[in-house]
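Me: I want to go through the labels on this structure one at a time. Please set each value against its definition.

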Amino acid sequence: MFYAQILTLFPEFFDSPLSCSIPKRAIEAGIVSVDAIQIRDFATDKHHKVDDSPYGGGPGMLMKPEPVVASIRAARDRHPDTHVVMLTPSGARFTQAKALEFTEKSGITLLCGRYEGFDERICDYVDEELSLGDYVLSGGEPAALCVLDAVIRLLPEVLGSPESAVLDSFTEEGILDWPHYTRPEMFEGKGVPEVLLSGNHAEIEKWRTAQAIKRSKKRV
Ligand code: ADE
């Protein structure tokens, strides 16, 4: 079974999204286990302090190294081979190829920060820093959820149709999916491309490939 450990100040953040749809089914089927671990439990001071103001001044608070590093150590104690990923806007961009790479591991540990970020020294204790994109989220949790979701749906046996995996390898090469249509055939005056109604599978395949390439060129 693939495992995911999430180090976070907000374990409850993950409850609802993981209890729906594909992640829910994957967890129920025993394909993946998800443990959200409270970083605050690793703070040893009286007030369980996890953040502090930056040296040199400036706005906001930073995640303190002691509780975060202690939580990483606990994650490594449970799974000595674990791959620890810090979610941060200054990390490398998360991609479909990266999601696929993670499915080849026995599991991952996702470290989520809050406030203005992490004390820089924490970076020495993680294997990789990833960003979801060039925007700042209120914390690493939404990013960790996206990473986890992208990985879960790629795990063997999670998706019903093996064709979905073929599509994924398509997106991996930087080519987007083609446009899709379902019933009704006419919606508010907008029809469905004739070729899709033709029953000619070779032509349909050609059309889809051409559309996917066209879309990919347009969106880069
Ligand atoms: N934490 C805050 N913003 C983020 C982003 N864009 N990606 C990953 N983690 C983040």
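Predicted model: local features only at pLDDT ≥ 70, side-chain atom pairs only at ≥ 80, totals over all residues.

Me: What makes β1 and β6 paired strands?

Reply: Two strands pair if DSSP finds at least two bridges between them. Five bridges join β1 to β6. The pair qualifies, and its strands run parallel. A4 stands opposite I108 in β6. Strands here are DSSP runs of E, at least two residues long; helices are runs of H or I, at least four; both are numbered from the N terminus.

Me: Why are β2 and β7 called edge strands?

Reply: The open sheet has five strands in the order β2-β1-β6-β5-β7, with parallel pairing. β2 (32–38) and β7 each have a single partner strand, so one side of each lacks a neighbour in the sheet. Neighbouring strands are turned by 30 degrees against each other on average, direction ignored.

Me: How is helix α3 placed against the sheet strands?

Reply: Helix α3 (residues 65–78) lies across β1, β2, β5 and β6. α3 runs at about 165 degrees to β1. Axes are lines fitted to C-alpha atoms, for helices over the stretch in contact, and angles run from 0 to 180 degrees between N-to-C directions.

Me: Why is E128 called buried?

Reply: Buried means under 20% relative accessible area, exposed over 50%, partly exposed in between (1.4 Å probe, protein chains only). E128 has 15% relative accessibility, so E128 counts as buried. This residue is in strand β7. Not counting residues up to four places away in sequence, E128 touches H83, V84, V85, M86, K98 and F102. Contact means heavy atoms within 4.5 Å.

Me: What makes E128 and K98 a polar contact?

Reply: A polar contact is a pair of N or O atoms within 3.5 Å; within protein, one must be able to donate a hydrogen and the other to accept it, and residues adjacent in sequence count only if both atoms are side-chain atoms. The side chains of E128 and K98 make such a contact at 2.5 Å.

Me: How do you know that the buried residues of α4 line one face?

Reply: In α4 (residues 96–103), K98, A99, F102 and T103 are buried. Seen down the axis, they fall within an arc of 145 degrees, so they line one face of the helix. The arc is that of the directions from the helix axis to the C-beta atoms. Their cover includes β1 (2–8), β5 (83–93), β6 (107–112), β7 (128–131) and α5 (141–152).

Me: Is S216 buried or exposed?

Reply: S216 has 9% relative accessibility, so S216 counts as buried. S216 lies in helix α8 (residues 201–219). A polar atom of its side chain lies 2.9 Å from the backbone nitrogen of L176. L176, at 33%, counts as partly exposed.

Me: How many disulfides are there?

Reply: A disulfide is a pair of cysteine sulfur atoms within 2.5 Å. The count is zero. For C20, the nearest cysteine sulfur is that of C146, 14 Å away. The sulfur of C146 is 11 Å from the closest one, in C112, so the gap is too far for a bond.

Terms used. Residues numbered from 1 in each chain as written. Heavy atoms only, no water.
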